[in-house]
Amino acid sequence: MKLNRRHFIGASGAAMLLGGCNLPSQTASVAVSSRKIEKIGIQTYTLREAMGEDFVGTLQMIKDVGYDYVELNGRNFADRSPAELKQILDDIGLPSPITHVDYDTLANRPEALADIAGTLGCETVVLPWVNDDQRGLDDYKAHAAMLNRAGEVLKQSNIKVGYHNHQFEFFDLGDGETGMNILLNETDPDVVTFELDLFWAALTGTDIVNLFESQPGRFSMCHIKDLTGDASAYRNSLDFAEIVTNHMANVGEGVLPFESYFAANDVSGMHYFIADHDNPPRPFRQSVQTSYDTIKAMRF
């Protein structure tokens, strides 16, 4: 795949490519559009190895590539105070409107989390993971209740709670019920929003545009990472290492029809678009540049 193919083939061409992966095709107009993503972010987890070697230099590289903001995660302020991290970001010119946070802090110390997020300038804190022993039907109901409680506390500081999915939230828990359905239906839209990881959702065969239409306004954020090859055998798999190694790609090097997803932004509520990759190939700068350039060229 050429880096700039999205700009030319349109959503219908991408849908044809998806046929080989047995992933759901999306319907979109082939008419040329001028809509585009104005600001592009990146999840710092993507560059965790580089940050371990040169934290400030990697943030500067992110800025130099062209990214407009970063989505942080807890490890970014584990070895330095939130105030120190905020000063570094301010010096480079990278705002941090979103951060991922751990379950325990969100559930049991939301007031402390409000202070951290306020210092960092984050308007949303996102729960990115639940453990494998916390993925039953009753567990998801408990997670939804926790997100509502934390959301009410954080609302007092004008901070919203978000939830980020992997593939397991879309697994059938019985009678067609899924963890994602429970979380969407049992959380309060006033305090809880969602960050849709497009790779993991597409991997499960989810019709993403239909998901947006069935839950309008619930998805204010997304992770943009591409899928390559026929991954249909992994729809119900928890083999993260195999999936990431063989099927996750820089944006522009796979087959996902992102433009057809983003054509539904008015329905989904999407306004934060965040590049991500669980295991980007080296050189890291080239990987994140590829994703940035592809997203920048998208029209929908």
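Biologist: What is the crossing of α3 and α4, left-handed or right-handed?

Modeller: The crossing of α3 and α4 is right-handed. That word applies when the near helix is turned clockwise from the far one by less than a right angle, and left-handed when it is turned anticlockwise. A word on the source: this is a predicted model, in which local features need pLDDT of at least 70 and side-chain atom pairs count only at pLDDT 80 or more, while totals for chains, interfaces and linings use all residues. Residues are numbered from 1 along each chain as its sequence is written, and side-chain values use heavy atoms, with hydrogens and water left out.

Biologist: What makes α3 oblique to α4?

Modeller: Helix α3 (residues 55-65) and α4 pack at an angle of about 40°, with their axes 10 Å apart. The axes are lines fitted to C-alpha atoms, for helices over the stretch in contact, and the angles run from 0 to 180 degrees between N-to-C directions. Under 35 degrees counts as roughly parallel, over 145 as roughly antiparallel, 65 to 115 as roughly perpendicular, and the rest as oblique. The angle therefore makes α3 oblique to α4.

Biologist: Which residues of α3 and α4 meet?

Modeller: F55, V56, L59, Q60 and K63 in α3 meet L85, I88, L89 and I92 in α4; contact here means heavy atoms within 4.5 Å. These residues divide into seven nonpolar, one polar and one charged. Ala, Val, Leu, Ile, Met, Phe, Trp, Tyr, Cys and Pro count as nonpolar, Asp, Glu, Lys and Arg as charged, and the others, Gly among them, as polar.

Biologist: Why is α4 called roughly parallel to α6?

Modeller: The axes of helix α4 (residues 82-92) and helix α6 (residues 110-120) come within 8 Å and cross at roughly 20°. That angle falls in the parallel class, so α4 is roughly parallel to α6. P82, A83, L85 and K86 of α4 and I116, T119 and L120 of α6 make the contact. By class, the contact has five nonpolar, one polar and one charged. The crossing of α4 and α6 is right-handed.

Biologist: What makes α6 oblique to α7?

Modeller: α6 and helix α7 (residues 137-155) pack at about 50°, with axes 9 Å apart. That angle belongs to the remaining class, so α6 is oblique to α7. On the α6 side the contact includes P110, E111, L113 and A114, and on the α7 side A150, V153 and L154. Six of the residues in this contact are nonpolar, none polar and one charged. The crossing of α6 and α7 is right-handed.

Biologist: How do you know that H247 counts as buried?

Modeller: Buried means under 20% relative accessible area, exposed over 50%, and partly exposed in between (1.4 Å probe, protein chains only). H247 has a relative accessible area of 8%, so H247 is buried. H247 lies in helix α11 (residues 240-247). Among the residues that H247 touches, not counting those up to four places away in sequence, are F199, D226, Y234 and E242. H247 and F199 are 48 residues apart in sequence and 9.5 Å apart in space, C-alpha to C-alpha.

Biologist: Why does N76 count as buried?

Modeller: N76 has 3% relative accessibility, and therefore N76 counts as buried. N76 is found in the loop between β2 (69-72) and α4. Not counting residues up to four places away in sequence, N76 touches T44, M51, F55 and L85.

Biologist: Why is D68 called partly exposed?

Modeller: D68 stands at 26% relative accessibility, so D68 counts as partly exposed. D68 is found in the loop between α3 and β2. Leaving aside neighbours within four places in sequence, D68 is in contact with E38, K39, I40, L94 and P95. D68 and K39 are 29 residues apart in sequence and 5.7 Å apart in space, C-alpha to C-alpha.

Biologist: How many disulfides does the structure hold?

Modeller: The structure holds zero disulfides; to count as one, a pair of cysteine sulfur atoms has to lie within 2.5 Å. As for cysteines, C122 counts as buried at 5% relative accessibility, and C222 counts as buried at 0%.

Biologist: How many helices and strands does the protein chain have?

Modeller: The secondary structure comes to 14 helices and ten strands. Helices (H or I, at least four residues) and strands (E, at least two) are DSSP runs, numbered from the N terminus. Buried residues make up 55% of the 300 residues in the protein chain.
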